[in-house]
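Please find my notes on this model below. They are set out as numbered points, to be read beside the coordinates.

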Amino acid sequence: MNLLNYVPGDSFLHKLNPVTKLLAAFLYGIAAIICGNVIAEVGFIVLMILISATCGIAKRAILLTRNLFFLGLIMFVIQLFFVRDGEPLLVIGGFVLFTTGGLKSALLLSLRVIAAMLPLMLLFAITQMNDLCNALVKRLHLPYRYAFIVTTAFRFVPIFATEFHDIQDAQKARGVDFDTKNIFRKIGLVAPLCVPLLVSSLKKVDVSAMSAEMRGFELRGYKSGYKEYPFGFRDLMTVVVLVLLIAVTAVFLKA
């Protein structure tokens, strides 16, 4: 299962304006970043999983959280040994390995990474990139070329992820064992896959560029699309709730 593919649905979040969804993901991420409480950061992650459950994508949210955990773990280790504030927690041979300040900072940073990136990644599951592109042009009158650049960058993430898994499956069929627990061997096996992925990506970019030109890319404007993307009461309430969340976080939970 590709964790970044769109999942059709009829939930509250699915019905939001695509621009509102994008703004909501950023606002939620801002609230998570300014939060300075470890327990509250965990609450942000749990809350996002619960919100995802209302859209029928709870399993996807849990899997994404698990994947982001490894990125958070890397940030945790780096922060743990480089921040020297606070009281010593572990001393070996007279050398302070890490401190209370380093531990708290590492926990906060790793949880912030997960809590801030999770809503942006789940945006793919409830939003079609074509709708997001057209909504940016229609509602915000953003020049089509810039909206196309933004949404194409988002659109190619799941495409490249799928392509990478296909290349990996092809290598497994040839007898390459990617199930090794040796992290250095795993990196050595994955690194060569970047070459065919790059070649395939360049081909897709070239084909996409030709397709866009044939469809009158330069002629697109905010009046070109037939589908309307009105802002409704639910969009207003979503933005208000998230702004209040940022305000509450800044007042009561800021570091």
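1. The side chains of Lys227 and Asp131 form a salt bridge, 3.5 Å from N to O; the term requires a side-chain nitrogen of Lys or Arg within 4 Å of a carboxyl oxygen of Asp or Glu. Lys227 sits in the loop between α8 and α9 and Asp131 in helix α5, so the bridge ties together parts 96 residues apart in sequence. Lys227 is partly exposed at 40% relative accessibility, while Asp131 counts as buried at 19%. Buried stands for under 20% relative accessible area, exposed for over 50% and partly exposed for what lies in between, with a 1.4 Å probe and protein chains only.

2. This is a predicted model, in which local features need pLDDT of at least 70 and side-chain atom pairs count only at pLDDT 80 or more, whereas totals for chains, interfaces and linings use all residues. Residues are numbered from 1 along each chain as its sequence is written, and side-chain values use heavy atoms, with hydrogens and water left out.

3. A second bridge joins Lys138 and Glu228, at 3.3 Å from N to O. The pair links distant parts of the chain, with Lys138 in helix α5 and Glu228 in the loop between α8 and α9, 90 residues apart. Lys138 is buried, at 14% relative accessible area.

4. The whole structure contains 4 salt bridges. Another of them is between Arg112 and Glu41, at 3.7 Å from N to O. It too links distant parts of the chain: Arg112 belongs to helix α4 (residues 100-126) and Glu41 to helix α2, 71 residues apart. Glu41 is buried, with a relative accessible area of 0%.

5. On the overall fold, the protein has 9 helices and 2 strands, in the order α-α-α-β-β-α-α-α-α-α-α along the sequence. Helices (H or I, at least four residues) and strands (E, at least two) are DSSP runs numbered from the N terminus. The C-alpha trace spans about 70 × 55 × 30 Å along its principal axes. Of the 255 residues, 37% count as buried. Among contacts (heavy atoms within 4.5 Å) with a separation of 6 or more, 72% are between residues 24 or more positions apart.

6. Helix α9 (residues 233-253) has 21 residues and reaches 29 Å from first C-alpha to last, close to the 30 Å expected at 1.5 Å a residue; the expected span is 1.5 Å times one less than the number of residues. Which residues of α9 are buried? They are Asp235, Thr238, Leu242, Ile246 and Thr249. These cover an arc of only 75 degrees around the axis, which puts them on the same side of α9; the arc is taken over the directions from the helix axis to the C-beta atoms. An α-helix has 3.6 residues a turn, so residues three or four places apart point the same way. The cover over the buried residues of α9 includes α1 (18-34) and α2 (38-54).

7. The other side of α9 carries the exposed residues Phe233, Leu236, Leu244, Val251 and Phe252. For Phe252 the relative accessible area is 65%. Phe252 and Phe81 are 171 residues apart in sequence and 28 Å apart in space, C-alpha to C-alpha. Phe81 is in helix α3 (residues 58-82) and is partly exposed, at 36%.

8. Helix α6 (residues 144-173) has 30 residues and reaches 42 Å between its first and last C-alpha, close to the 44 Å expected at 1.5 Å a residue. Its buried residues include Phe156, Phe164, Ile167 and Gln168. Just after α6, Gly175 takes a positive phi of about 100 degrees. In the loop between α5 (129-140) and α6 lies His141, a residue other than glycine with a positive phi, near 55 degrees. His141 is partly exposed, at 47% relative accessibility.

9. Leu193 lies in the loop between α7 (183-190) and α8 (194-214). Is Leu193 buried or exposed? Leu193 is buried, with a relative accessible area of 3%. Leaving aside neighbours within four places in sequence, Leu193 is in contact with Phe164, Ile167, Gln168, Gln171 and Phe178. Leu193 and Phe164 are 29 residues apart in sequence and 7.5 Å apart in space, C-alpha to C-alpha.
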